[in-house]
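Here are a few exercises to work through with the model open beside you. Take each task in turn, try it yourself, and then follow the solution.

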Amino acid sequence: MRIAMIGLGRMGANIARRLMRGNHEIIAFDRNEKNVTELAGEGAIAAASLEEVAAKFDGGPRIFWVMLPAGEPTESTIEAIIKLSSPGDIIIDGGNSFYKDDIRRARSCAMQKLHYVDVGTSGGIWGLERGYCMMIGGEKETVDLLDPIFDTLAPGYGTIVRTKGRDAPDDRPERGYIHAGPAGAGHFVKMVHNGIEYGLMQAYAEGFDILKGKSSEKLVEEERFDINLPDVAEVWRRGSVISSWLLDLTAIGLAKDHDLEQFTGKVADSGEGQWTIDAAMEEAVPVYVLSAALFARYRSRVDTTFGDKLLSAMRFGFGGHVEMPQ
């Protein structure tokens with residue numbers, strides 16, 4: 001299939017590359033010409049403007065995948081694409097947009113006889129090789145039409161053991177993607193995913209902070225332990241009930257630098273943690289861990305700990321996220 005990838009940042013470029021490896025054709029556009037040139041050198045069709053993107057399709061429906069930061073960059077780009085589109089064309093937002101914005105955009109697209117799909121995409125900078133976990137919202141017919149794209153991007157069965165007792169006719173979840181529901185449902189599920197991610201990361205950060213603090217001179221000398229943090233992370237990865245990809249990234253970060261000196265510990269947030277808390281308040285669901293994890297990030301911008309450095313190390317590990325400026 002021919003897909004226009006609009007936004008060639010850390011994830012957009014690698015999504016395009018994985019699609020090209022699966023024999024899909026990519027029309028590449030980004031405001032940064034260097035990004036377009038680089039991808040064109042790998043086989044993509046270069047475009048210098050959104051108008052040129054729209055003109056480089058040889059038939060319909062045209063598929064526009066927007067991979068930009070949530071908010072104004074995504075909003076203005078989708079508005080421009082709508083003006084360039086024809087009935088039957090498909091607009092995909094694969095960034096971290098707010099799900100209520102998806103509902104509104106889908107309504108606007110429907111008025112123009114366009115199709116709108118939101119794809120909550122997880123996988124970070126590792127997705128090119130590992131594949132992307134995707135949570136998709138939109139009309140069933142449109143999502144089904146796009147299935148070859150999602151199948152190419154997804155991790156596939158891999159080596160993960162099948163869930164005992166699972167007997168569902170739809171195997172897409174086992175291959176790494178789901179059709180979550182109508183427009184907005186994909187980003188809603190991804191939003192909650194990121195809220196949980198905050199909580200898991202905070203638990204690791206606090207645990208390793210306790211381990212590091214055990215050597216403190218504030219403690220009785222015989223109760224001080226100089227714990228080797230890289231070794232703890234490594235042994236927990238192997239057979240422990242708290243093993244995870246986040247722990248893998250923690251082990252990588254600590255192996256490089258026991259004290260994580262390259263990080264200040266001022267931890268940014270994408271906004272999805274706050275949106276998750278907002279949704280919980282609307283539904284009257286108590287979320288003690290998720291809210292505490294979000295507030296811990298806010299606190300880190302004033303008073304940092306070793307745990308905050310570990311949060312920054314994990315964020316850099318899975319997404320290439322740099323810290324907030326001091």
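**Exercise 1: a histidine and its surroundings**

His187 counts as buried because its relative accessibility is 0%. Keep in mind that this is a predicted model.

Task: find the element that holds His187, and list what His187 touches beyond its sequence neighbours.

Solution. Start with the place: His187 belongs to helix H10, residues 185-213. Next, leave out residues up to four places away in sequence; His187 then touches Asp93, Gly94, Gly95, Ser97, Tyr99, Asp102, Asp118, Val119, Gly120 and Met135. Finally, look at Asp93: its backbone oxygen lies 3.5 Å from a polar atom of the His187 side chain.

**Exercise 2: the nonpolar cores**

Task: how many residues does the largest nonpolar core have, and which helix gives the most to this core?

Solution. The largest nonpolar core has 30 residues, and Met5, Ile26, Trp65, Met134, Ile149 and Phe150 have the most contacts inside it. Helix H1 (residues 10-21) gives the most to this core, with 5 residues. A second, separate core has 21 residues, including Ala233, Leu247, Leu254 and Leu311. Now zoom in on Met134: beyond four places in sequence, the residues it touches include Val119, Phe150, Leu153 and Ile178.

**Exercise 3: a patch on the surface**

Task: is Ile125 buried, partly exposed or exposed?

Solution. Locate Ile125 in the loop between strand E6 (115-122) and helix H6 (127-130). Its relative accessibility is 34%, so Ile125 counts as partly exposed. Together with Trp126 and Ile252, Ile125 forms a nonpolar surface patch with about 240 Å² of accessible area.

Methods
Residues are numbered from 1 along each chain as its sequence is written. This is a predicted model: local features need pLDDT of at least 70, side-chain atom pairs count only at pLDDT 80 or more; totals for chains, interfaces and linings use all residues. Side-chain values use heavy atoms; hydrogens and water are left out. A nonpolar core is a set of buried Ala, Val, Leu, Ile, Met, Phe, Trp, Tyr and Cys residues joined through side-chain atoms within 4.5 Å. Buried means under 20% relative accessible area, exposed over 50%, partly exposed in between (1.4 Å probe, protein chains only). Helices (H or I, at least four residues) and strands (E, at least two) are DSSP runs, numbered from the N terminus. Contact means heavy atoms within 4.5 Å. Patches are made of residues with over 30% relative accessible area and no salt bridge: like charges are joined within 9 Å, nonpolar side chains (Val, Leu, Ile, Met, Phe, Trp, Tyr) within 5 Å. Accessible areas come from the Shrake-Rupley method with a 1.4 Å probe; for residues, only the protein chains shown count as cover. A salt bridge is a side-chain nitrogen of Lys or Arg within 4 Å of a carboxyl oxygen of Asp or Glu. A polar contact is a pair of N or O atoms within 3.5 Å; within protein, one must be able to donate a hydrogen and the other to accept it, and residues adjacent in sequence count only if both atoms are side-chain atoms.
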